[in-house]
Amino acid sequence: MEPTLEGTVRKALFVYLLRLGDDALILGHRLSEWCGHGPYLEEDIALANLALDYLGHAEALLTLAGEIEGAGRTADDLAFRRDVLEFYNVHLVELPRGDFAFTIARQFLFSVYAHLLFAALRTSRFQPLAGIAAKAHKELTYHVRHSRTWMHCLGEGTEESHYRLQRALNVLWEYTGELFEVDDTLRVLMASSIAPDMAALYPQWKIQVESVIQQATLSIPEASPYRATGGRRGHHTEHLGHLLAEMQFLPRAYPDAKW
Amino acid sequence: MPEETNGLRLWEVFVQPRSGAPHEHAGSIRAANAEMALQHARDVYARRGPVVSLWVVPTDAIHATRPEDTGPFFDPADDKPYRHPLFYKVPHGIQNL
C-alpha cells in the first residue's frame, strides 16, 4: 500500500516510525554503555547483544522513515544529524543507565511494552512495518525472558539487590505512562489500521508487569502525581542532549567519514 | 558443596547443531541459576551457527577421572588388539557381512 499513502497518513507514519526508531536507538545506546562494565563477563555480553538487537530495529525503522519522508535521508542521517528537539523517543529510554538494577527494571518495563506493541504491528496494514515487526518480535520475546529472569534474581536475591530493584521501579514507574499515550498522529494511523491503539495494549502490559513484580516479592509502586510526557513531541529531559553529544560526535566532527 | 563466586556457579554448555546429532561440549559459563545459564549459553555459544538445542550442566555435577587414573583406566586397552574389529580377518567367500 506504500505508493497510495495520502499526505496526512504519510506524515503521521513518518513521525510514528521516528518514534519507534528513536526508542530503539536511544535504548540501544544506553545499553551499549554497559559494554566492558557489566557485572560479569557473561552478562556484559548479554547486554551488548540486547543493544545490538535494538540498533538493528532502529536501523530498519529509521531507513523506512527516510523512505516515507522521501527527502533522501538515510538511517544514518536520521540518527546522527538530528538535534534533540527532533527526537521522538520516550523519556524512559533516555534516562542515564544508573546501576544494574535500574537498567534491568527499565529493560523489563520497556521490553514487555515493545513485545506487545510489535506483536500487534505484525498485522499492520503497512506491509514494510509488519515485516520489521515480525523479526523484532522474536528478539523482543527473548528480551522479555532475559529481563524477567533478572527481575526474579534481584527481587528474590539479597537484601541489597531487592532494595535497589525496588528503588529503580519506584523511580521508573512515572515514566511508563508515556509509552501508552494516544495523540492525533497515532489516531490517524489507527484509523488506517497501520498502528494499534496503545490504550488497548495498556491493560495487558499492566497485568504482565505487575504479576512479575509481585512474584519477584517486590511492591507495585504507587501512582505518582507527576507523569513524564513530551518525548513524542520532541520535548526531552536534560539527559538526551548529553547522550547525543557522545553518540553523534564522530559523524558530526568528520562528516561522511567511512570505516 | 557447589562452588560459588558472588552467587555465580560454573556450568558446562552442550550444543546440538541439528536434530538427531549428539550434544557436544562447547565450553563453560558462569550463571546464578539454570535459566540464566541457558540464556548466557545462548549468547556465548549459539549466536553464530546453527543450534537446535542447548544443555547446561552444573560443572560440579560432573564426576571425572583424575590424571593419576589414566594408567589403570585406559592402558589395559592398549595390549588387547583383539578388542578392535580390524584384528579379525574376514574369511574368503563370506558374503552379506
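Predicted model: local features only at pLDDT ≥ 70, side-chain atom pairs only at ≥ 80, totals over all residues.
## Helix H8 of chain A

Just after H8(A) comes A:Ser193, which takes a positive phi of about 60 degrees. The residue sits in the loop between helix H8 (184–191) and helix H9 (198–215) of chain A.

A:Thr217 belongs to the loop between H9 and helix H10 (238–247) of chain A, and it is partly exposed, with 13 other C-beta atoms within 10 Å. As background to both cases, most residues other than glycine have a negative phi.

## The side of chain A that touches chain B

Where the two chains meet, 8 residues of chain A are in contact with 11 residues of chain B. On the side of chain A that touches chain B, helix H2 (41–69) and helix H6 (127–155) of chain A each supply at least two residues, and the largest share, 4 residues, comes from H2(A). Sorted by class, this side of chain A has 4 nonpolar, 3 polar and 1 charged residues.

## The sheet of chain B

In chain B, 3 strands form an open sheet in the order E2-E1-E3, and their pairing is antiparallel. Strand E2 (24–31) and strand E3 (53–58) of chain B stand at the edges, each with a single partner strand, so one side of each is left without a neighbour in the sheet. Direction ignored, neighbouring strands of this sheet are turned by 30 degrees against each other on average.

Between strand E1 (residues 9–16) of chain B and E2(B), the antiparallel pairing extends over 7 bridges; one of the residues involved is B:Leu10, whose bridge partner in E2(B) is B:Arg30. Helix H1 (residues 34–45) of chain B lies across E1, E2 and E3 of chain B, and it runs at about 120 degrees to E2(B).

Terms used. Residues numbered from 1 in each chain as written. Chains lettered and ligands numbered in written order. Buried ≥ 20, exposed ≤ 12 C-beta atoms within 10 Å, placed from the backbone. Contact = placed C-beta atoms within 7 Å. Nonpolar A, V, L, I, M, F, W, Y, C, P; charged D, E, K, R; others polar. Pairing = 2+ DSSP bridges. Axes fitted to C-alpha atoms, helices over the stretch in contact; angles between N-to-C directions.
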